[in-house]
Structures are given as structure tokens and as C-alpha cells.
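Visitor: I'd like a close look at a single part of this protein. Please take me through it step by step.

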Amino acid sequence: MKKILLIATGGTIASKYTEYGLKPQISAEELLKYVPDAAGFCEIDAVEPFSLDSTNVCAAHWVELAKLIEQKYEYYDGFVVCHGTDTMAYTAAALSYLIQNNRKPIVVTGAQKPIDLAITDARMNLMDSLRFAAHPRAHGTVIVFGGRVIAGTRAKKEFSKRYNAFSSINYPDIAVIHDDRIVFYIDDKDQATTPLRFYHAMNNKIFLMKLIPSIDAGVLEGLMQYYDGLIIESFGVGGLPDYGDHEFMAMLEKWTKAGKLVVMSTQVTNDGSDMCVYEVGKEIKTHFPILESYDMTLEATVTKMMWVFAQTLDFEECKKLFYTTINRDILF
């Protein structure tokens with residue numbers, strides 16, 4: 001029988017109603033009482049490194065989770081992280097970079113309703129996650145939610161209230177779960193032959209700027225002293241506006257000459273960026289040393305930059321690491 005470690009971190013799944021709104025209050029051990037049938041296919045231990053609304057989860061918590069899994073790795077066959085849904089995709093992507101070439105499953109899950117309610121998705125999601133973590137073909141970091149198994153670097157929360165909140169972006173689901181049956185669409189565990197590696201740092205000096213029509217490029221001037229890298233969430237397939245003053249070009253020159261990495265992403269969820277299609281993108285890519293996210297999710301782009309910058313600030317090394325496919329994160 002497989003041995004699974006449940007790691008509770010708070011979130012809606014562990015919340016109860018208070019006079020100020022939902023707040024995490026249900027312990028890791030209490031969560032397990034709602035899925036007693038899981039004892040029929042796995043042994044479960046539980047820990048609770050922190051208990052937070054996922055809005056309050058940040059890079060330091062991702063590193064903490066990775067260190068905990070590293071410490072417990074040899075003792076368990078799989079790991080289930082209960083987490084709030086709002087930043088779940090960021091956490092799953094971050095763990096994909098902090099724990100690489102992993103042949104054991106690390107499942108991140110949560111719920112849209114607390115587990116102690118009569119009508120909730122929490123019990124199904126937790127049961128599915130434990131079942132998947134105990135499956136011999138499961139590996140890598142994934143999100144299990146609403147009966148779907150999604151690669152940790154491909155998940156995005158697209159609905160704020162629906163039970164099927166998460167989608168897999170620009171990549172197929174890994175598997176689907178129905179009752180006690182798991183159907184794999186991608187079964188590639190045997191291809192994972194590179195040695196396991198844990199990383200222990202993230203550089204959170206990354207800024208994300210979402211373009212809107214008429215945005216003032218001057219906002220980037222004040223950000224330079226605070227951030228090592230910039231992600232521009234652009235329109236369409238990628239590019240920068242020019243309102244006749246060339247301010248964005250001038251600011252881009254300042255950022256790149258200062259040795260700061262700039263990545264062009266897109267506000268469009270599916271299909272990814274392609275800066276060479278239009279003049280507004282091709283001119284920039286031709287003249288400046290910037291990268292683009294292609295088909296990566298925004299969550300993966302942000303966390304990958306944090307991981308890359310924790311390894312090096314050298315542009316060529318950053319470029320090499322950023323464009324290396326890690327846990328299915330980029331295909332171009």
C-alpha cells in the first residue's frame with residue numbers, strides 16, 4: 001500500500017465561516033476525517049507547515065514547501081498539498097521548478113467550498129488527489145481538480161466560483177478521474193530518467209506590467225530600482241505601443257542596458273505569443289535582448305523567472321534556462 005504525505009496549507013478547503021468571512025481553521029488531521037475511504041488504498045500522514053488564505057502565499061512559502069518535500073521524500077510514495085485556489089497555479093508551477101525530474105507525484109489540490117459543508121467539491125477533490133498520488137504511473141507536479149489532472153506548469157484558474165475552476169492551457173490534461181478510475185492521456189513516467197534535483201531559492205524581484213491602451217511608459221522608470229526582471233503582458237501575440245513619442249523603446253533600452261531581463265508575454269490565454277508577426281513586436285525583438293513566453297502560462301512565466309533569477313542574472317545563462325523545457329512548461 002502506498003504511503004502518502006498530506007501537506008495542508010489552508011485555503012478554502014480548510015476554511016470555516018467567521019464574522020469576517022471564510023478563514024482557514026480546519027487542521028490537516030481533520031481534513032482526512034472527511035475522506036475515510038482513502039485508507040482503503042493508501043496510508044496517510046499529515047502535516048501543516050502553515051495555514052493561510054492563498055492570497056497570502058508567496059515565494060518564501062514555495063521554498064518552504066519544496067524543502068519539506070525534500071526532507072520527507074524518501075519516506076513517502078507521493079505528496080498531496082491542500083492549497084487555496086487563488087494562487088494554486090502559481091504554487092504548482094513554482095514547485096515544478098523547485099523540484100525537477102521528480103518520479104513521485106506531487107499533487108496540489110483545493111476546493112471552491114469548505115470541506116465541512118454538506119454540498120462541496122472538497123471531498124471529491126481530496127479523494128481524487130490521494131487516489132492519483134497513490135497510482136503507480138503518477139509522477140511530477142500536477143493539479144488535481146474537478147476530476148482533471150493538469151500539469152503544474154499548465155494550469156490556470158479560469159472561474160472564480162465554478163467547481164471546474166481550472167483549465168490546462170496549450171497542453172492536454174494528463175489524466176481524468178471518475179470515481180475510482182484514472183484514465184491517463186499522457187503516460188510518460190518511464191521517460192523521466194534525469195536525476196532528481198531540488199532547488200532552494202526564488203528571486204521575487206520580478207514585476208508584471210499589464211498593458212492597457214494609453215498606458216504611460218514612464219511608470220517603468222521608477223520600477224527599475226526595485227526589480228531585476230520585467231514581464232510585459234502585452235496585447236495579442238506581443239509588442240509595445242508607440243504613441244508617437246517612442247517612450248516604450250527608450251525605457252526598454254534603459255532596462256536592457258542595465259542588465260535587467262525583459263520577457264514579453266500576452267494577455268490572451270491560448271495559443272501564446274509570436275512577436276515576429278507584427279512590426280510592433282518584431283522591431284523590438286530585433287533591436288533588444290528580450291525574451292518571450294511563447295505558449296507558457298503567465299503563472300509559469302512568473303515563477304520560472306523567479307527560479308531562473310535565483311540561479312543567475314547573466315543574460316545568456318538566463319536565456320538558456322528560460323528556454324529549457326521543464327516539466328512540460330514550454331513548447332515552441
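In what order do the strands of the open sheet run, and with what kind of pairing?

Guide: Bear in mind that this is a predicted model. The open sheet has eight strands, in the order 4-1-5-7-8-9-12-13. Its pairing is mixed.

Start at the edges. Strand 4 (42–47) and strand 13 (181–184) stand there. Each has a single partner strand, so one side of each is left without a neighbour in the sheet.

Strand 1 (residues 2–8) pairs with strand 4 in the parallel sense, over six bridges.

Next, the helices. Helix 2 (residues 59–72) lies across strand 1, strand 4, strand 5 (78–82) and strand 7 (105–109). Helix 2 runs at about 155° to strand 1. Helix 4 (residues 122–133) packs on the sheet as well. Helix 4 touches strand 1, strand 4, strand 5 and strand 7. Its contacts also include strand 8 (140–145), strand 9 (148–151), strand 12 (175–178) and strand 13. The direction of helix 4 makes about 160° with that of strand 5.

Terms used. Residues numbered from 1 in each chain as written. Predicted model: local features only at pLDDT ≥ 70, side-chain atom pairs only at ≥ 80, totals over all residues. Heavy atoms only, no water. Pairing = 2+ DSSP bridges. Helix = DSSP H or I, 4+ residues; strand = E, 2+ residues; numbered from the N terminus. Contact = heavy atoms within 4.5 Å. Axes fitted to C-alpha atoms, helices over the stretch in contact; angles between N-to-C directions.
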